Amino acid sequence: MNNVAGLFIYICHSAAMDNLFSNEPFAIACPKCKKEIIKPLNWFKKDIVSCPFCKGIVHTRKFRAKLEAAEKTSAQFRKKL
Ligand SMILES: [Zn+2]
């Protein structure tokens, strides 16, 4: 529990770090053309993005849990450095 609270505080207090780990590459499969879209985490911050391959609309909230997990993993990793 302490780790979670600590991580939360860590994320809230590290605006500069936010920029760093938001550049981590993240991949999702396009729901329409099934191609893998690989972009930095911050590219997925928008609710709706368009697929670079088929130009289809991708709702990122379907991937929100994964995105947040990736960010947390990244933050945790950097905290250990
Ligand atoms: Zn697509």
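**Stop 1: serine 50**

Select serine 50, which is found in strand 3 (residues 48-50). Helices (H or I, at least four residues) and strands (E, at least two) are DSSP runs, numbered from the N terminus. Residues are numbered from 1 along each chain as its sequence is written. This is a predicted model: local features need pLDDT of at least 70, side-chain atom pairs count only at pLDDT 80 or more, and totals for chains, interfaces and linings use all residues.

The scale runs as follows: a residue is buried with 20 or more other C-beta atoms within 10 Å of its own, exposed with 12 or fewer, and partly exposed in between; C-beta atoms are placed from the backbone.

Now show the contacts. Two residues are in contact if their C-beta atoms, placed from the backbone, lie within 7 Å. Leaving aside neighbours within four places in sequence, serine 50 is in contact with Lys55, Gly56, Ile57 and Val58. Then draw a distance to threonine 60, 10 residues apart from serine 50 along the chain: the C-alpha atoms are separated by 9.9 Å.

**Stop 2: lysine 55**

Pick lysine 55 from that contact list. Lysine 55 is found in the loop between strand 3 and strand 4 (57-59). It counts as exposed, because it has 9 C-beta neighbours inside 10 Å. Check the backbone: phi of lysine 55 is near 65°, a positive value in a residue other than glycine. Most residues other than glycine have a negative phi.

**Stop 3**

Zoom out to strand 1 (25-29) and strand 2 (residues 36-40). The two strands pair in the antiparallel sense over five bridges. Pairing here requires that DSSP finds at least two bridges between the strands. Which residue in strand 2 is the bridge partner of phenylalanine 26? Select lysine 39 to see that partner. Next, select alanine 29, which stands opposite glutamate 36 in strand 2.

Move to the turn. The hairpin has six residues between the strands. Lysine 34 lies in this loop. Its phi is near 70°, again positive in a residue other than glycine. Lysine 34 counts as exposed, because it has 9 C-beta neighbours inside 10 Å.

Stay in the loop between strand 1 and strand 2 and select proline 31. Proline 31 counts as partly exposed, because it has 14 C-beta neighbours inside 10 Å. Histidine 59 is 28 residues away along the chain, and the C-alpha atoms of the pair are separated by 9.1 Å.

**Stop 4: asparagine 23**

Step back to asparagine 23, in the loop between helix 2 (15-21) and strand 1 (25-29). With 12 C-beta neighbours inside 10 Å, asparagine 23 counts as exposed. Not counting residues up to four places away in sequence, asparagine 23 touches Pro40, Leu41 and Asn42. Draw the C-alpha to C-alpha line to leucine 41: asparagine 23 and leucine 41 are 18 residues apart in sequence and 5.6 Å apart in space.

**Stop 5: phenylalanine 63**

Select phenylalanine 63, in the loop between strand 4 and helix 3 (64-80). Phenylalanine 63 is partly exposed, with 18 other C-beta atoms within 10 Å. What does phenylalanine 63 touch, not counting residues up to four places away in sequence? Ile28 and Phe44. From phenylalanine 63 to isoleucine 28 is 35 residues in sequence and 7.8 Å in space, C-alpha to C-alpha.

**Last stop: the whole chain**

Show everything. The protein has three helices and four strands, in the pattern α-α-β-β-β-β-α along the sequence. Buried residues make up 6% of its 81 residues. Among contacts between residues at least 6 apart in sequence, 35% join residues at least 24 apart.

Finally, color by pLDDT, the predictor's confidence in each residue, from 0 to 100. The mean is 81, and 74% of the residues reach 70 or more. Among the elements, strand 3 has the highest mean pLDDT (96) and helix 1 (residues 2-12) the lowest (54). Where pLDDT is low, the predicted coordinates should not be read in detail.
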